[in-house]
Amino acid sequence: MAKYVYLFKEGKADMKALLGGKGANLAEMTNIGLPVPPGMTITTEACTEYYRLGRKLPAGLMDEVKRNLAIVEQQADKKFGDLQNPLLVSVRSGAMFSMPGMMDTILNLGLNETTVQSVAKNTDNLRFAYDAYRRFIQMFGDVVLEIPKYEFEDILNRQKDIQKVKYDQELNPDSLRKIIDHYKELVQTKTGTAFPEDPMEQLAMAIEAVFRSWNNDRAIVYRNLNKIDHDLGTAVNIQSMVFGNMGNDSGTGVAFTRNPSTGENKLYGEFLTNAQGEDVVAGIRTPRPIAQLGDEMPELYTEFSKIARLLESHYKNMQDIEFTIERGRLYILQTRNGKRTAQASVRVAFEMSEEGLISKQQALLLVEPGQLDQLLHRQIDSSATLNVVAKGLPASPGAASGTVVFDADEAERMGKAGKKVLLVRTETTPDDIHGIVAAQGVLTSRGGMTSHAAVVARGMGKPCVCGCEAIRIDYIKQEFTIGDTVVKKGDLVSVDGSTGRVILGEVPMKDPEISKEYSTLLSWADEYKRLGIRANADTPEDAKKARDFGATGIGLVRTEHMFMQQDRLPYVQQMILAETLEERQQALSHLLPMQEGDFYGILKAMEGLPVTIRLLDPPLHEFLPSLEELLVETTELKVTGKNPALLEEKLQMLKKVRALHEFNPMLGHRGCRLGITFPEIYEMQMQAIFNATARLTKEDYKVLPEVEIPLTIDSNEMKFFREKIENIAANTMKTAQVNFHYSVGTMIEMPRAALLAEDLAELCDFFSFGTNDLTQTTLGFSRDDAEGKFLPHYLERKILKENPFIAIDQKGVGKLMRLAVEGGRKVRPDLEIGICGEHGGEPSSVKFCHDIGLSYVSCSPYRVPLARLAAAQAAISGGEVAGTK
């Protein structure tokens, strides 16, 4: 029979897959002697089995829980459900990867009408006992019985109004008793049954609720966002309760071993006296800085500081620690790798290495590649005049402007419509995650630096200002006020998450400043990576930017982007409309010097580095007006009778557009098929490339053009083009009286090309995978249609684990890539093979490219740093990223 339950003392840190991150860390802390309240963990396998059984607890699970609970009772010197000295427990989720706030927790479980009186007697504190009981009923009612939380909050707020108090902790025992009675009436009304009195029944129901929470909406959104497998399941941690709300010698808090916003090596966090942990993270009360704990309880602060350093040294990573003080005694409830901003992540990794705590390789594994992208985004221009109207806590750095919205659903709708919004809430809850994803930034009136909004925004790289108590939000009127200033829904507001400023209107931005830690970390990455990192760039400016970001070449120049420029579009259209070869060549004669100038600029910017230039790829109709647009224009000209000459011109254009119309342009007359039917187009581009190469060679620049043929499916196509390329190159060298280097290759973007790679390699110096088209043609998906219609359903139903247009489909597309690499290298062992689709900047895809032996990946210039780090991580650890997950 499977073992589903482990006492904390039975586990260890490397059992995260089985015990979840929280359970594994509780076990590890227990075994290194830290003051951890005793408890046990139900494994992730039990959760998986729960779902396999159709949402039923596995047979024998509760018997195993009871056996282990008896040992926990001995360790705590209390008994579950006992009338004299009752043990109360917390029941918390804990997945393999940290998912802060996404799943559910129940505290104070084990309380009923009898045990609450025992707790009151044993603590000599009736108010504490009733406060714990009403909290338990509210959490159990919300999480287990699925009664909306606001219905409990309404009861609580009405009682505070009756007693005329502002804070929960000001409620007296009589008020708390009334709240408990009203809560129980609510449960009876909503569920048709009384609130459960049997502690063991409460425990079984809570365990099942935590398992259910693995698949709640917010948890699914979070996993999709962070690429966490939906099949992992959550563990359940059952731990004896300690109480931070037993008076002013008690408290609770959350602290980071280093500043999660800046990375400064200084204990950073918040605490509340006479409170439970949920009060801190939920943002219900605005907590105080952890440093003030040193003033109030200096011995405890010293003890906590030592434990914090011990945990950071033990885990070799910045830690996020939850603690409780019960009547002057410190307990550690949890530690995990701390979520931090990109800026902090880089600084922490660099400084830990400099301190000798970790190696350079370990430092590289501490930074999630996607975070580097955040460092390249713009900040508020310090020279600008700003209308600052309030200031809150700088919870997540960066700046954002957007129209104010007060509802997460509305933020999501507007975000999907392409509008920039700023989500403003009293405090955010895990249910708001979809709105945070869609928003440019977040502003809350309550909550601290460790509140839900702060933690989630930091993880996403979104600017966030929390605890801005100057703003008063009115959800009914859909506005917030700051003194006499009224800001309504739809008004434009900016936030500066680095300083906490709230600013009216849109703010001017400036480019980011790159830190020495960032530059050093990337130089370390270059020492270890084996993949080359190139960029996709179509202009000299983009090429220079790519080089500044560390690109070692250009993996894709899309020449069609050059054809779209307004000064040359008339000649392109003239070329397409031409009825004879002579007319077409006349138009091409105008385009030749323009193309030559394009290639001259890019090759010069990338002197000494390879530049892959893809010949014209898209269908010709993309350069002409749309059919619908032309129909409207010709109809209007016919009806009005104006400008007959223009009408004739438009009718000719309409005739050509109809002639070029295709039912499926993606699989139609494009790529090398154009070069075969209209060879003069490709010949013009080849000539322009070699003219530019010859000029630069004469000017003493070393340039390395790579001429790339798109959409090939057969070696006979490559033979046709290779002969032309070699003839034009030879003639250009002869005419210019120079010698230059060039290479010829193809894009592998059709399944047939991958299958016939051995044949193609006979005629190619390089391959480059065009994974966007290879994904479309392998899966039979049109990207635009799939992502807008059915692909979300495939992901939601787990038919596909990830969007194949974001991360390489390794089972399908990846298999074709492996075949192409093996086939190509079999014929030509030194064959250079890269990837230039959008996957080239996605970390798991970079790892896959490393694993199958590609020479390089190519991505947008801004993703070059990300790809450099991802490539180093793949080389160091096979792609296993410690990061902050």
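Buried denotes a relative accessible area under 20%, exposed over 50%, and partly exposed anything in between (1.4 Å probe, protein chains only). The structure is a predicted model, in which local features need pLDDT of at least 70, side-chain atom pairs count only at pLDDT 80 or more, and totals for chains, interfaces and linings use all residues. Residues are numbered from 1 along each chain as its sequence is written, and side-chain values use heavy atoms, with hydrogens and water left out.

Helices (H or I, at least four residues) and strands (E, at least two) are DSSP runs, numbered from the N terminus. Strand β11 spans residues 319–326, and eight of its eight residues are buried, so the strand is largely enclosed by the rest of the structure. Both faces are covered. Gln-319, Ile-321, Phe-323 and Ile-325 lie on one side, with Asp-320, Glu-322, Thr-324 and Glu-326 on the other.

Strands count as paired if DSSP finds at least two bridges between them. Strand β8 (residues 251–256) pairs with β11 in the antiparallel sense over six bridges. Here Val-254 stands opposite Glu-322. Strand β12 (residues 329–337) also runs antiparallel to β11, joined by eight bridges. Arg-329 of β12 is the bridge partner of Glu-326. Two residues separate the strands of this hairpin, and Arg-327 takes a positive phi near 50 degrees.

Helix α5 (residues 126–143) is mostly covered, with 16 of its 18 residues buried.

A salt bridge is a side-chain nitrogen of Lys or Arg within 4 Å of a carboxyl oxygen of Asp or Glu. The whole structure contains 46 salt bridges. One of them joins Arg-614 and Glu-560 at 2.5 Å, N to O. Arg-614 lies in strand β28 (residues 610–614) and Glu-560 in helix α21 (residues 559–563), 54 residues apart. Arg-614 is buried, at 8% relative accessible area. Glu-560 is likewise buried, at 8%.

Helices α27 (residues 679–698) and α23 (residues 581–605) hold Glu-680 and Arg-584 respectively, so this pair ties together parts 96 residues apart in sequence. The closest N and O atoms of their salt bridge are 2.9 Å apart. Glu-680 is buried at 9% relative accessibility, and Arg-584 is buried at 10%. Arg-695 and Glu-596 form a salt bridge at 3.1 Å, N to O. This pair also links α27 and α23, across 99 residues. Arg-695 is partly exposed, at 35%, whereas Glu-596 is buried, at 14%.
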